[in-house]
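Me: I would like to go through this model by question and answer. Please keep it brisk.

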Amino acid sequence: MPVLIDDRIRWSRTDLAWALRSADGYGLYDGAAFLLPGFIAAALSPAELSGFEPALQAVFAEFINERDTPRPVRRLLGERYGTALWQITGQLPPDLLPRHDPFGEFVRDFLGERLDEPGAAELLRHAASLNKPSPTRAWLRAGSAFPVRWPAPVVLDCFAGYRGYISYACDELLRGLVWILSLDPSDEATTLLGQVATTAGSPNGRKAGRSVAPQTAAATVEVLATRSGPVPAQALSEMSRSVANKTLLGRVRTMLHRLPTPTN
């Protein structure tokens with residue numbers, strides 16, 4: 001597999017058909033069977049993928065909720081098959097704000113075809129690519145270069161008013177959107193970040209001691225600590241009284257103490 005998964009190989013429709021047939025008989029659910037057809041599909045053009053949509057959709061549905069498949073493998077597979085399906089349909093890749101996720105379904109139903117507008121998928125894909133708590137300067141520069149930036153504030157605004165379950169994958173995506181929004185110095189962005197922080201840090205009713213979106217909460221707290229005005233202090237003060245997770249609470253209190261003392 002490591003030899004075959006190589007961007008220098010020129011794949012064809014016939015190769016994709018062979019890889020899908022081979023995966024069908026693999027028999028295990030660790031995701032390995034779906035790697036090669038995913039890499040091939042993502043490398044083909046829309047014309048070369050013509051007719052493959054039902055098969056790719058079926059494979060996507062097979063692995064995306066399979067708990068025996070490690071999360072990093074599911075993430076990689078989702079990105080590959082999502083990219084291929086996006087090339088075929090022109091619609092937002094199914095792994096970004098997925099419909100099997102309650103929050104993803106909420107956003108898709110609320111925004112509808114706007115998510116299929118040019119540039120939206122590219123920015124959301126970049127946001128989802130952040131796999132660490134804080135981005136590098138190169139990642140932020142890339143985020144600032146997108147001509148379309150509206151998905152960051154719009155999706156975060158959907159989250160700020162949302163009351164429900166947030167999956168790990170959507171938490172990762174929201175974290176990336178927070179860092180993209182951090183590039184906007186406006187008071188409106190700061191206000192939204194404060195709303196996102198309090199929502200993300202609120203207790204998760206499903207699991208004691210856990211926040212609704214812990215990765216998003218940690219990122220937003222860090223961003224708020226760099227902003228001016230009354231909103232950061234208000235949001236962090238509210239979080240210091242409501243956050244149940246001890247690690248996040250400690251971070252909130254640290255960042256709250258770092259805020260400049262207001263002068264009269």
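Me: Where is Ala33 found?
Reply: This is a predicted model, where local features need pLDDT of at least 70, side-chain atom pairs count only at pLDDT 80 or more, and totals for chains, interfaces and linings use all residues. Residues are numbered from 1 along each chain as its sequence is written, and side-chain values use heavy atoms, with hydrogens and water left out. Helices here are DSSP runs (H or I, at least four residues; strands are E, at least two), numbered from the N terminus. Ala33 sits in the loop between helix 1 and helix 2.

Me: Is Ala33 buried or exposed?
Reply: Buried means under 20% relative accessible area, exposed means over 50%, and partly exposed lies in between (1.4 Å probe, protein chains only). Ala33 has 9% relative accessibility, so Ala33 counts as buried.

Me: Which residues does Ala33 touch, not counting residues up to four places away in sequence?
Reply: Contact means heavy atoms within 4.5 Å. The C-alpha atoms of Ala33 and Ser22 are separated by 7.8 Å, at eleven residues apart along the chain. The residues that Ala33 touches, with those up to four places away not counted, are Ala23 and Tyr26.

Me: How does Tyr26 count by relative accessibility, buried or partly exposed?
Reply: Tyr26 is also placed in the loop between helix 1 and helix 2. Beyond four places in sequence, Tyr26 touches Ala32 and Ala33. Its relative accessibility is 40%, so Tyr26 counts as partly exposed.

Me: How many residues of helix 2 are buried?
Reply: Helix 2 spans residues 35-43 and is mostly covered. Its cover includes helix 1 (13-24), helix 3 (53-63) and helix 4 (71-89). Among its buried residues are Leu36, Phe39 and Ile40. The count of buried residues in helix 2 is eight of nine.

Me: Which residues does Arg75 touch, not counting residues up to four places away in sequence?
Reply: Arg75 lies in helix 4. With a relative accessible area of 29%, Arg75 is partly exposed. Its C-alpha is separated from that of Ile64, eleven residues apart along the chain, by 8.4 Å. Beyond four places in sequence, Arg75 touches Ala128, Ser129, Leu130, Asn131 and Glu172.

Me: What is the relative accessible area of Leu97?
Reply: Leu97 is found in the loop between helix 4 and helix 5. Leu97 is not a glycine, yet has a positive phi of about 50 degrees. Leu97 is buried, and its relative accessible area is 1%.

Me: Which residues is Val155 in contact with, leaving aside neighbours within four places in sequence?
Reply: Val155 belongs to the largest nonpolar core. Leaving aside neighbours within four places, the contacts of Val155 are Leu97, Phe103, Val107, Leu111, Leu124, Leu174 and Leu177.

Me: Which residues does Asp184 touch, not counting residues up to four places away in sequence?
Reply: Asp184 is in the loop between helix 9 and helix 10. With a relative accessible area of 29%, Asp184 is partly exposed. Asp184 and Ser144 are 40 residues apart in sequence, and 9.3 Å apart in space, C-alpha to C-alpha. Beyond four places in sequence, Asp184 touches Ala189 and Arg227.

Me: What is the radius of gyration of the protein chain?
Reply: The chain has 13 helices and zero strands. The radius is taken over C-alpha atoms, and the globule rule is 2.2 Å times the number of residues to the power 0.38. For 264 residues, a compact globule would have a radius of gyration near 18 Å; the value for the protein chain agrees, at 20 Å.

Definitions and conventions
Core = buried A, V, L, I, M, F, W, Y, C linked by side-chain atoms within 4.5 Å.
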